[in-house]
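Take a look at it first, then read on.

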Amino acid sequence: LMSSSSDHSLAQPATFTAPASGLRGTVSVPGDKSISHRALMFSALAVGRSRVEGLLEGEDVLATAAALRAMGARIERDAEGVWHIDGVGVGGLLQPETALDMGNSGTSTRLLMGLLASHDLTATFVGDASLSKRPMGRVIDPLSLMGAEFTSSPGGRLPLTMRGIVPAVPIEYRLPVASAQVKSAVLLAGLNTPGITRVIEPEATRDHSERMLKGFGADISVEIDADGARIISIRGEAELKPQHIVVPGDPSSAAFPLVAALIVPGSDVTITGIGMNETRTGLIKLLQAMGGNIELLNQRDAGGEPVADIRVRASTLHGIENDPAEVPSMVDEFPIAFIAAALAKGRSVFRGLEELRVKESDRIAVMAAGLRKIGAMVEEADDGLIIDGTGGEPLEGGGPIETHLDHRIAMSFAVAGLASYQGVTIDDMRPVATSFPGFLDLLRNLGGAQ
């Protein structure tokens with residue numbers, strides 16, 4: 001599966017090769033990243049002690065925990081891996097003494113900016129090289145309308161200092177671009193803002209914030225207007241009650257073993273306890289439309305979120321044209337969808353993906369370059385990729401793939417290596433720890449090891 005080179009620099013190159021036989025077994029993946037961030041934030045604003053089970057313990061979520069601790073919340077993990085959070089109440093977060101280090105986490109940054117906008121404090125956000133390239137203007141704009149003040153690096157980037165305001169001004173904000181993070185930032189600012197704050201989203205994005213805020217006792221409602229847009233209203237100066245949350249498995253992490261099982265001949269893999277929120281299942285629908293043998297078993301509900309086990313068997317995939325309206329429901333899964341398309345029969349056309357150019361890396365350009373390097377037929381468009389698949393033949397392989405410190409690029413090409421003639425070498429596997437610390441163990445457990 002993997003051999004590390006003797007390079008003693010910080011980078012951790014690795015090579016992934018085709019297993020002798022199919023991938024088999026039952027595995028679980030880490031807790032959902034979106035839900036983990038929100039569980040910590042909302043618990044920190046409740047009055048009393050919340051319990052969170054199944055929290056994703058990747059670097060991004062730990063950055064959120066560290067920031068909340070720096071502002072007065074007590075957050076502890078017990079020996080069983082259950083997290084206990086003593087909240088400070090809405091509006092009760094304290095001035096942090098030092099800059100808040102967000103690492104690689106765009107979610108932590110944008111949601112915390114919203115949360116702190118309606119607190120009487122000043123906070124400075126810093127991040128790693130990748131995060132410092134990502135635009136924060138889309139959050140700065142609505143939060144400025146509410147009265148918060150920002151001093152950012154050129155282009156609305158980190159490092160960035162923000163001065164919150166009490167009382168903030170409630171606004172009605174129509175999202176110019178589909179973004180769950182921007183929506184959540186405005187709703188979180190609304191928690192401590194007197195009156196009603198509204199967000200109008202023309203295209204539905206993941207709704208974990210709305211579901212969980214309701215669970216914590218916030219006065220929040222969702223209506224659909226005549227044009228099909230969602231209008232989300234939250235009444236400020238909320239009082240949140242502590243909760244017991246069980247975090248479902250992350251569908252974005254499940255995407256990697258899922259596609260691996262589809263493209264490695266002879267595979268039969270079950271992934272347990274995955275969140276099936278319909279705002280997140282776009283990849284499963286896409287792969288089923290490509291002919292993927294994917295069964296949902298044991299469908300159930302956990303803490304207001306639908307959950308299921310997913311059984312996947314090796315399949316002959318055929319090319320597809322994606323529906324741009326479905327992009328928000330699988331925005332993080334396109335890199336691995338491109339790998340599936342590279343092994344399908346015929347042509348796949350992916351459009352409407354402009355958002356991918358401002359992720360941890362420019363995921364359109366980086367995936368196109370990497371796919372070409374391992375023998376795939378790819379054409380790059382402004383807003384997507386056109387991929388001519390191999391018809392199920394393994395890819396040539398090769399490398400090294402430049403990940404640009406992007407965890408999803410690294411994992412996508414690791415999976416491609418499992419369906420290649422000569423293996424795929426990746427320049428650095430360290431970024432995988434941001435979202436999926438046990439990724440290599442999971443592949444080994446499925447028989448991906450030599």
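## Buried rings

A residue counts as buried when its relative accessible area is under 20%. Keep in mind that this is a predicted model. Phe 338 sits at 0% relative accessibility, so it counts as buried, and Phe 350, also at 0%, is buried too.

These two form an edge-to-face aromatic pair, 5.1 Å from centre to centre with 65° between the planes. Phe 338 belongs to helix H9 and Phe 350 to strand S18, 12 residues apart.

Searching the whole structure turns up six aromatic pairs. One of them joins Phe 42 and Phe 216: the ring centres are 6.0 Å apart and the planes meet at 85°, so this pair is edge-to-face. It spans 174 residues, from Phe 42 in helix H1 to Phe 216 in the loop between helix H6 and strand S12. Phe 42 is buried at 0% relative accessible area, and Phe 216 is buried at 1%.

There's also an aromatic cluster made of Phe 256, Phe 436 and Phe 439.

## The largest pocket

The largest pocket comes in at about 600 Å³. It has 35 lining residues, and the closest to its centre are Ala 178, Ser 179, Val 331, Glu 355 and Lys 359. By class, the lining splits into 17 charged, 10 polar and eight nonpolar residues.

Helices H1, H3 and H5 each put at least two residues into that lining, with H1 giving the most, four.

## Around helix H4

Helix H4 (137-145) has Arg 138, Val 139, Ile 140, Pro 142 and Leu 143 as its buried residues. They pack against H3, H5 and strands S8, S9 and S10. After H4 comes Gly 147, with a positive phi near 115°.

Technical notes. Residues numbered from 1 in each chain as written. Predicted model: local features only at pLDDT ≥ 70, side-chain atom pairs only at ≥ 80, totals over all residues. Heavy atoms only, no water. 1 Å grid on protein atoms, 1.4 Å probe; cavity = no way out; pocket = protein on both sides within 12 Å on 5 of 7 lines; lining within 4 Å. Points joined across faces, edges and corners; volume = space filled by probe spheres on them. Nonpolar A, V, L, I, M, F, W, Y, C, P; charged D, E, K, R; others polar. Buried < 20%, exposed > 50% of the residue type's maximum accessible area, 1.4 Å probe, protein only. Contact = heavy atoms within 4.5 Å. Phe/Tyr/Trp six-rings, centres within 6.5 Å; stacked < 30°, edge-to-face > 60°.
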